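The structure is shown first.

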Amino acid sequence: MSVPPWKKFAFPVFLLLLIALGIAGARLAMRDPQAHAHSAVEQLLFKPVEAFNFQLTDHNGQPVELKQFRGKTVFFAFGFTHCPSICPATLSHFTAIKEALPADVRDKVQFLFISVDPQRDSLERLKDYVTFYDPAFLGLTGDATALLGTAYKFKASYTKEKPEANDPQIYNVDHTADAYLIGPDGRWMMSYPFEELPKAQSIAGDIAKVATRSER
Amino acid sequence: MKIIVLSFFLGASWVLGSEVPLKVESPWVFAVPPGAKDTAAFMTFVNTSTVPVRVTGGKTDVAARVAPMITTKTEGRMGMKDVPYLEVPAGGRVTLAPGGDHIMIYGLKAPLKPGQNVPLVLTVKPGGTMTINALVLRREPK
């Protein structure tokens, strides 16, 4: 039985093609690792969006809106003070990020922690909590509508979980734990997932870039 | 010489070794603001045995209750869930860290001071109990 010549070559050709594809793929993946090392903020700087304003109350009882921080770079996250693991981690990462900022940039950055648990987080409690990490950190909260609106604008979300049967004051609040970077011009530059927050040096680099950019 | 050293270690582990087939590395507790009543302990468990080992709970003098917990992620929202135990596979390691599994400490009787050691009694199955000292830290160690 004779085999047509195309059939004879089909498999080796197929193999060669596969190898060529593999090499091309690997080259693509490895192409210019420097370009990949550049932080994403540089690419995003070209099309940042105007951050929606929010109106809340700060831990000193003063009404506060995002707008009034114009000129400052804002870095913030959502949480609640009864949060035993995620929020202490977030806020301690904030302190590390602040430390990693160049000294001349540090004062141009406002760190905020927005409590989504107004039922239990009094302003006084919020202040004690937030300033434990850094006296210059500012806690914000508001009524349910204001908080829901604020979270919605940043694609954040939270839900109050079922309280314990014997105590309605004991409950968890599930919440997204991203951190947001707002430039001094009020534009939303970046979001960092919780898992990225330990990278204090790289985030501080992004913040410094954003904070000094508008001065040009 | 090698044999002497080896037999020393074997001897030491026989003398000191309890029946708890679990080693705990770098235990620490998150320092939380004075008003916060709950915190969490983190550590690495090393299972030195050939069977899975479970940490089912524990107790501490500094707080009302100790319980194993996991972190959940639902549609991006992070939350916590009580679990009956944290399991360490045979011969395996499990690291507890913020954003992941932890030993929850409920109802602190007094604020913990950074640098302080918190004695923690863990219930391990099989094994019994083991006491560890967890260091209170303001930040997750690198």
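## Pairing across the chains

Strand β8 (173–176) of chain A is joined by 2 bridges to strand β5 (residues 77–82) of chain B, and the two run antiparallel. Thr176(A) faces Arg77(B) in β5(B). Strands are DSSP runs of E with at least two residues and helices are runs of H or I with at least four, numbered from the N terminus; two strands pair if DSSP finds at least two bridges between them.

The model is predicted: local features need pLDDT of at least 70 and side-chain atom pairs pLDDT 80 or more, while totals for chains, interfaces and linings use all residues. Residues are numbered from 1 along each chain as its sequence is written, with chains lettered from A and ligands numbered from 1 in the order in which they are written.

## The side of chain A that touches chain B

In total, 24 residues of chain A are in contact with 23 residues of chain B (C-beta atoms, placed from the backbone, within 7 Å). The elements giving two or more residues to this side of chain A are α4 (86–100), α6 (123–133), β7 (158–160) and β8 (173–176). The most, 5 residues, come from α4(A).

## The sheet of chain A

Chain A holds an open sheet of 8 strands with mixed pairing, in the order β1-β10-β9-β4-β5-β6-β2-β3. Its edge strands, β1 (49–50) and β3 (63–65), each pair on one side only. Strand β2 (residues 55–58) and strand β6 (residues 138–141) of chain A pair antiparallel over 2 bridges, and Asp58(A) has Leu140(A) as its bridge partner in β6(A).

Notes
Contact = placed C-beta atoms within 7 Å.
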